[in-house]
Amino acid sequence: MLRELGFAVLDADSLAHNLIEPGQPAYGEVVREFGSEILGSDKRVDRAKLAAVVFADRAKLLGLNAILHPRVEAAAHRQFDEWSRDAARNAAFVEAALLVEAGFHEKLDGLVVTWCRPEQQLERLRNRGFSEADARRRIAAQLPVEGKLRYATEEIDCSGTLEETRRQVEALAQKLRRPSNKTSF
């Protein structure tokens, strides 16, 4: 919704996925850490295989996060630096499930926490194709929403209708949009 409203949004998951492609910064380290069993026949990291390994073992998840989080953060800062050269640009956002867990929120100007009820979160993951067990493991890997809300400068309640969520996002956009430097006559 923020993209539709003209805001720059950095997708941390996509960034992380790019970092583990062959020839990219984290590829070799991830393969060394988790073994060639996580590779597909094309020698690319099979994210489903990697997810099965890390979401079954908290220590392995922490190991993957230790490899990826600093690189994702560095890439995000490079992108923000590029965007900041555009003086007319409005606020920019990082879309990431683990911002607080990675400590990245401390280096940002604010934190917008989007949330819904736990049963909705589970249902939404199931609708995206995750088994109930996989969905529960992914949810368990995150700080509970109450913990994230403690750090929030803004929050969006996504437990209602899509239109209710859209109204909240539009209100946030209005609050964060830079005033135009143009004078109207």
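Predicted model: local features only at pLDDT ≥ 70, side-chain atom pairs only at ≥ 80, totals over all residues.

Modeller: Residues are numbered from 1 along each chain as its sequence is written, and side-chain values use heavy atoms, with hydrogens and water left out.

Biologist: Which residue forms a salt bridge with glutamate 4?

Modeller: Glutamate 4 lies in the segment before strand 1, and its partner lies in helix 9 (residues 162-176), 162 residues apart; helices (H or I, at least four residues) and strands (E, at least two) are DSSP runs numbered from the N terminus. Glutamate 4 is exposed, with a relative accessible area of 64%, where exposed means over 50%, buried under 20% and partly exposed in between (1.4 Å probe, protein chains only). The closest N and O atoms are 3.3 Å apart, and the partner is arginine 166.

Biologist: How many residues apart in sequence are the parts that glutamate 21 and arginine 44 tie together?

Modeller: The side chains of glutamate 21 and arginine 44 meet in a salt bridge of 2.8 Å, N to O. Glutamate 21 lies in the loop between helix 1 and helix 2, and arginine 44 in the loop between helix 2 and helix 3, so the parts tied together are apart in sequence by 23 residues.

Biologist: Why do the buried residues of helix 2 line one face of the helix?

Modeller: The buried residues of helix 2 (residues 27-34) are Tyr27, Val30, Val31 and Phe34. Seen down the axis, they line one face because they fall within an arc, taken from the directions from the helix axis to the C-beta atoms, of 95°.

Biologist: Which residues on the other side of helix 2 are exposed?

Modeller: The buried residues of helix 2 have a cover that includes helix 1 (12-19), helix 3 (47-54) and helix 4. On the other side of helix 2, the exposed residues are Arg32 and Glu33.

Biologist: What does leucine 50 touch, not counting residues up to four places away in sequence?

Modeller: Contact means heavy atoms within 4.5 Å. With those residues left out, leucine 50 touches Ile20, Val30, Phe34, Ile38, Val45 and Leu64.

Biologist: How far away from the sulfur of cysteine 116 is the nearest cysteine sulfur?

Modeller: A disulfide is a pair of cysteine sulfur atoms within 2.5 Å, and the count comes to 0 disulfides. Cysteine 116 is in no disulfide; the nearest cysteine sulfur is that of cysteine 158, at 6.8 Å.

Biologist: Is cysteine 158 buried or exposed?

Modeller: Cysteine 158 is in no disulfide either. With a relative accessible area of 17%, cysteine 158 is buried.

How values were computed
Salt bridge = Lys/Arg side-chain N within 4 Å of Asp/Glu carboxyl O.
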